[in-house]
Amino acid sequence: MSMAKSARSPQEAVDLDLDLRSPPESAKKLPNKDSGFLDGSPSESPGLETTKGITAFQTLVHLVKGNMGTGVLGLPLAMKNAGILMGPLSLLAIGFISCHSMHILIRCARRFCHRFNKPFMDYGDTVMHGLEANPSAWLRNHAHWGRRIVSFFLIVTQMGFCCVYIVFLADNLKQVVEAVNSTTNNCYYKTEILTPTMDSRLYMLTFLPFLVLIVLIRNLRVLTVFSLLANITMLTSLIIIVQYIVQEIPDPRQLPLVANWKTYSLFFGTAIFSFESIGVVLPLENKMKDARRFPVILSLGMSIVTALYVSVGSLGYLRFGDDVKASITLNLPNCWLYQSVKILYIVGILCTYALQFYVPAEIVIPLTTSRVSKRWALPLDLFIRLAMVSLTCILAILIPRLDLVLSLVGSLSGSALAFIIPPLLEISTYYSEGLSPITIIKDTLISILGFVGFVMGTYQALDELIQSGDSPTFSNSTIFIQ
């Protein structure tokens with residue numbers, strides 16, 4: 001869900017990342033126009049594996065950085081919702097299953113590349129061809145819906161990211177402004193003098209004009225500057241946050257090993273949100289010089305990401321306990337060093353918004369502008385962009401709790417893309433050729449787990465939102481450490 005960083009140069013890193021996140025732009029260059037409709041540069045066939053692309057190390061860097069977004073900042077609260085023992089164990093399991101689902105997607109995409117002699121195969125095309133290979137005549141006749149379903153969930157996911165960003169921006173800016181008069185150079189001096197300001201939802205509206213201006217940029221080359229700036233600010237901020245967390249860890253024996261099952265569903269949604277990178281797997285494989293090594297790189301990269309997630313989530317919960325906030329940046333002390341971290345993240349997320357917005361915009365806008373004359377194409381393009389960014393702001397205002405937005409987006413769309421669809425795709429693709437009962441049972445259980453998480457996570461997030469009523473609890477108060 002974040003930008004990627006190349007080992008060659010910052011400019012190359014940004015250019016490659018934009019290529020990974022811009023399906024229609026890349027797809028327009030492909031012989032198969034249908035493959036460009038959804039989610040990006042597809043899988044490359046073995047015959048083209050060594051023609052061009054990035055090295056294995058660069059692929060690893062892109063994969064790790066592609067998982068590092070706002071989700072990692074919400075993992076400490078997710079651990080609180082699961083328990084200090086259940087949380088890390090569950091996060092390990094979710095990371096393993098997510099990686100396994102990515103491997104399934106790669107195998108199916110490669111298979112259809114061979115079968116149809118195509119150089120590329122994206123997520124939507126892979127699901128469509130998987131349904132065409134199903135023994136059921138009804139599914140074969142409605143195989144095109146597989147592409148549309150993937151497209152829908154990709155749009156929901158990316159728009160959800162944008163909503164999360166708006167809530168994150170508002171909460172962090174509100175906290176910085178309220179504490180500005182009492183901010184000192186001493187990070188260990190306890191002070192709780194805050195100046196009340198306007199509601200967080202008004203801060204969201206304050207960001208709207210800036211977001212509108214950013215999304216009006218339609219040239220990816222111009223957005224490279226924003227991508228590079230976001231990479232630098234977010235990496236710097238994360239390093240500062242981690243060094244603060246590990247300075248002092250209280251006695252963990254007071255923390256519950258297992259939390260309430262109702263809050264566990266919120267943990268599931270946040271965890272899935274954090275691992276939501278399945279959309280960039282096939283584009284990354286396509287960019288490799290030797291795509292045959294990609295499965296090994298994928299396993300290594302996801303192992304690193306999972307270990308980092310478990311460490312940050314567990315240490316953050318151990319450090320702040322029950323006082324942990326929806327974003328760990330909201331727990332940082334009231335001194336200029338850590339206030340600057342929030343400001344850096346605000347800048348980074350503000351820049352990232354434009355890149356996350358680009359994907360759904362490039363799926364929706366061409367479908368609408370193609371139905372009008374060239375005279376009205378540009379005005380309609382600009383109107384849709386304005387409407388879409390306004391929609392993300394409205395949704396953020398309606399759900400102004402960062403923890404609920406993270407869980408809702410992860411449960412609603414992440415579960416489908418990472419847990420439900422890939423196992424069913426494997427069954428549909430290989431069933432006619434004979435699948436072992438163990439594989440069928442395994443895939444069925446993963447899909448059931450994803451569906452249960454989809455239902456329970458979405459229900460619990462909506463239920464807590466309804467219970468909060470007209471006075472939602474905003475997790476934006478600063479915790480100060482003596």
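Q: How many salt bridges does the structure hold?
A: There are 15 salt bridges in the predicted model. One of them pairs the side chains of Asp-125 and Arg-147, at 2.7 Å from N to O.

Q: Where do Asp-125 and Arg-147 sit?
A: Asp-125 is in helix α6 (residues 123-132) and Arg-147 is in helix α8. They are 22 residues apart, and the pair links distant parts of the chain.

Q: Are Asp-125 and Arg-147 buried or exposed?
A: Both Asp-125 and Arg-147 are buried.

Q: OK, and what about Arg-292, buried or exposed?
A: Arg-292 has a relative accessible area of 54%, so it counts as exposed. The side chain of Arg-292 meets that of Asp-290 in a salt bridge at 3.0 Å, N to O. Asp-290 is partly exposed, at 21%.

Q: Which side chain does Lys-442 meet in a salt bridge?
A: That would be Asp-443, at 2.7 Å from N to O. Asp-443 is buried, with a relative accessible area of 0%, while Lys-442 is partly exposed at 25%.

Q: Which residues are joined with Lys-442 and Asp-443 into one network?
A: Arg-107 and Glu-426 are in there with them, joined by salt bridges that share partners.

Q: What does the side chain of Arg-319 reach, then?
A: It reaches the backbone oxygen of Glu-248, at 3.0 Å. Arg-319 itself is in helix α13 (residues 294-320).

Q: Switching to rings: how many aromatic pairs are there?
A: The structure holds eleven aromatic pairs. Take Phe-161 and Phe-273: the ring centres are 5.0 Å apart and the planes are at 90°, so this pair is edge-to-face.

Q: Which parts does the pair of Phe-161 and Phe-273 tie together?
A: Phe-161 lies in helix α8 (residues 144-178) and Phe-273 in helix α11 (residues 261-274), so the pair ties together parts 112 residues apart in sequence. Phe-161 is buried at 1% relative accessibility, and Phe-273 is buried at 1% too.

Q: Which residues form one aromatic cluster?
A: Tyr-244, Phe-320 and Tyr-338 do.

Q: Last one: which helix gives the most to the nonpolar patch?
A: Helix α17 (residues 437-468), with seven residues. The patch is on the surface, has about 780 Å² of accessible area together, and includes Trp-261, Phe-451 and Met-456. Met-456 lies in helix α17 and is partly exposed, at 31%.

Technical notes. Residues numbered from 1 in each chain as written. Predicted model: local features only at pLDDT ≥ 70, side-chain atom pairs only at ≥ 80, totals over all residues. Heavy atoms only, no water. Helix = DSSP H or I, 4+ residues; strand = E, 2+ residues; numbered from the N terminus. Polar contact = N/O pair within 3.5 Å; in protein donor to acceptor, adjacent residues only side chain to side chain. Patch = residues over 30% accessible without salt bridge, like charges linked within 9 Å, V, L, I, M, F, W, Y side chains within 5 Å. Areas by Shrake-Rupley, 256 points an atom, 1.4 Å probe, with all protein chains shown as cover. Salt bridge = Lys/Arg side-chain N within 4 Å of Asp/Glu carboxyl O. Buried < 20%, exposed > 50% of the residue type's maximum accessible area, 1.4 Å probe, protein only. Phe/Tyr/Trp six-rings, centres within 6.5 Å; stacked < 30°, edge-to-face > 60°.
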